[in-house]
Amino acid sequence: PRRYDLATVGRYKLTKKLGWRRRLLGKVLANPVVDKESGEIVFPKGERITAEMVDAVSAEREMALFGEGEIVAFDVQKADGEIYRMLCAATRDYQFRTITREDVMAAISYLLGGLVTSPEQLIIVRLFQGFASGLWPMDLAIMTLYAPQKKLGFSLGIMQGTLTAGGVVGPLLGGVLAELFGMRTSFYIGGLALFINFLAFTFIIKEPPMPKETAPLTAEERSPMHLWHIPILRTMMIVSTLAQVVLYILMPVLTTYIKVLAGAMDNIVFVAGAVFSLGGIAGAISAPLWGIYGTRRGYFSAMFLAMLCAGSMFILQGIPDTLVPFAIMQFGVGLFLAGIQPSLNAVIAQHTPAQLKGSVFGLLFSAQQVGSATGPLLGGVVATYLGMHYLFPTSGTILLILAAFIRWRYVRKGHPAVE
């Protein structure tokens with residue numbers, strides 16, 4: 001094939017639209033494609049190109065055949081014998097930015113939040129915000145590609161800590177902004193912050209290149225749903241969903257429960273917010289430490305220990321009938337809950353091909369959102385029919401069952417986090 005060099009501008013779009021692997025499928029070449037170094041015929045003349053033939057071309061051979069970031073012309077033969085020239089994109093540098101799309105959508109969704117004038121419009125905006133919530137999975141994918149394998153647990157722990165800290169600081173800052181500038185302005189400021197995030201990813205942060213030893217994936221393996229058929233990934237997503245249920249099961253009644261414990265207080269809303277934030281503060285502190293523990297002792301061991309301790313602490317948290325011991329238990333729960341997600345993320349990252357890490361963390365995020373929606377519903381049902389006190393043993397029991405499963409399935413059998 002003949003090669004045409006192009007400027008850097010537009011290479012990403014050309015590759016996306018004209019990728020040779022996709023365009024050559026089912027075509028018949030009028031001239032063979034030959035490896036000039038070895039003399040081997042890669043794609044023979046007059047034979048229909050199949051997916052198996054395309055998948056057999058490794059990244060190294062593709063680079064040798066077509067170069068990097070260039071446009072390749074193939075002579076293709078139609079059924080009637082007519083020959084035409086088809087342009088395809090060769091291997092490109094993987095340092096392109098897809099995360100900026102999520103940034104822009106999230107910024108727009110927050111800006112729209114400041115423009116709504118009715119509950120119906122707010123519901124539509126909230127739905128749009130849900131569709132625009134792909135930023136965190138892409139962050140995780142980029143982090144797992146950049147982080148050294150020996151420090152993967154610590155890196156994911158830092159990310160979990162910053163996420164938890166943001167969950168604490170965000171509502172507090174939102175309340176302050178609403179008091180100072182009004183609720184609509186708070187949406188505009190949030191949208192501006194996300195737009196600044198978009199600029200940072202566009203001009204400062206680059207997506208990491210694929211590892212050089214990355215093997216090409218088959219058409220089936222490139223499908224995101226193929227990930228669901230990998231047993232350990234499927235199990236980790238289910239475990240993450242149930243852990244998210246536990247995290248959100250107290251949401252509907254926690255403020256009311258704190259009010260019952262505190263009794264008559266003038267600033268009960270502030271007190272409830274402060275007690276609720278204790279878990280987030282503890283998680284921001286302990287998440288990096290759990291990451292270090294997982295790196296040294298194994299991610300399954302860290303996951304088991306965090307679930308065991310968090311489940312036990314949840315059960316104990318339902319015992320106090322005064323606010324101070326309950327608040328102390330809330331801090332303890334946060335210390336141990338923070339150890340679950342970094343270990344889960346590390347295990348998933350270790351068992352996912354580099355090309356599909358964005359897809360797998362997207363599926364994980366979807367699974368977690370199912371847990372986030374199910375948790376409050378379950379909490380409301382338990383509190384209504386059994387009483388608020390039963391929420392704590394319910395949460396603790398779920399985590400203890402998960403801990404027992406992780407120990408039986410992975411820790412006891414010595415299953416490695418890395419295969």
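Me: Which helix gives the most to the nonpolar patch?
Reply: This is a predicted model, so keep that in mind throughout. Helix 5, residues 99–113, gives the most, with 4 residues.

Me: Which residues form that nonpolar patch on the surface?
Reply: Val104, Ile108, Leu111, Leu112, Leu115 and Tyr188 form it. Together they have about 460 Å² of accessible area.

Me: Take Leu111. Where is its place, and how do I read its accessibility?
Reply: Leu111 is in helix 5. Its relative accessibility is 36%, so Leu111 counts as partly exposed. The reasoning needs two limits: buried is under 20% and exposed is over 50%, with partly exposed in between.

Me: Now the whole chain. How many helices and strands are there?
Reply: The chain has 17 helices and 5 strands.

Me: How much of the chain counts as buried?
Reply: Of its 419 residues, 43% do.

Me: What does the accessible surface come to?
Reply: About 21900 Å² for the chain. Carbon and sulfur atoms hold 66% of that surface.

Me: What share of the contacts joins residues 24 or more positions apart?
Reply: The share is 73%, counted among contacts with a separation of 6 or more.

Me: How many bridges join strand 4 to strand 5, and which way do the two run?
Reply: There are 7 bridges, and the strands run antiparallel. Strand 5 covers residues 83–89. Val76 has Tyr84 as its bridge partner in strand 5. Ala73 stands opposite Leu87, also in strand 5.

Me: What lies between the two strands of the hairpin?
Reply: 5 residues separate strand 4 from strand 5 in the hairpin. In the turn, Gly81 has a positive phi of about 95°.

Me: Let us turn to charge. How many salt bridges does a search of the whole structure find?
Reply: The general idea comes before the count. Side chains of opposite charge can pair when their charged atoms come close. The search of this structure finds 2 salt bridges.

Me: Which residue meets Asp75 in a salt bridge?
Reply: Arg85 does, with N to O at 3.1 Å. The pair links distant parts of the chain: Asp75 is in strand 4 and Arg85 is in strand 5, 10 residues apart. Arg85 has a relative accessible area of 40%, so Arg85 is partly exposed.

Me: What else does the side chain of Asp75 contact?
Reply: It makes a polar contact with the side chain of Asn31, at 2.8 Å. Setting aside residues up to four places away in sequence, Asp75 touches Val28, Leu29, Ala30, Asn31, Ile83, Tyr84 and Arg85.

Me: Which residue forms a salt bridge with Lys78?
Reply: Glu82 does, and the closest N and O atoms are 3.8 Å apart. Check the exposure of each partner. Glu82 is partly exposed, at 41% relative accessibility. Lys78 is partly exposed as well, at 39%.

Me: Is Glu52 buried or exposed?
Reply: Exposed, because its relative accessible area is 60%. The exposed limit is over 50%. Glu52 is in helix 3, residues 51–55. Its C-alpha atom is 9.7 Å from that of Leu25, a residue 27 places apart from Glu52 along the chain.

Me: One loop to finish. Where does Thr352 lie, and is it buried or exposed?
Reply: Thr352 lies in the loop between helix 15 (340–350) and helix 16 (357–385). It is buried, with a relative accessible area of 7%.

Me: What does the side chain of Thr352 reach?
Reply: It reaches the backbone oxygen of Ile348, at 2.6 Å. Now leave aside neighbours within four places in sequence. Thr352 is then in contact with Leu227, Leu233, Lys357 and Val360.

Note on methods
Residues are numbered from 1 along each chain as its sequence is written. This is a predicted model: local features need pLDDT of at least 70, side-chain atom pairs count only at pLDDT 80 or more; totals for chains, interfaces and linings use all residues. Side-chain values use heavy atoms; hydrogens and water are left out. Patches are made of residues with over 30% relative accessible area and no salt bridge: like charges are joined within 9 Å, nonpolar side chains (Val, Leu, Ile, Met, Phe, Trp, Tyr) within 5 Å. Accessible areas come from the Shrake-Rupley method with a 1.4 Å probe; for residues, only the protein chains shown count as cover. A salt bridge is a side-chain nitrogen of Lys or Arg within 4 Å of a carboxyl oxygen of Asp or Glu. Buried means under 20% relative accessible area, exposed over 50%, partly exposed in between (1.4 Å probe, protein chains only). Contact means heavy atoms within 4.5 Å. Two strands pair if DSSP finds at least two bridges between them. A polar contact is a pair of N or O atoms within 3.5 Å; within protein, one must be able to donate a hydrogen and the other to accept it, and residues adjacent in sequence count only if both atoms are side-chain atoms.
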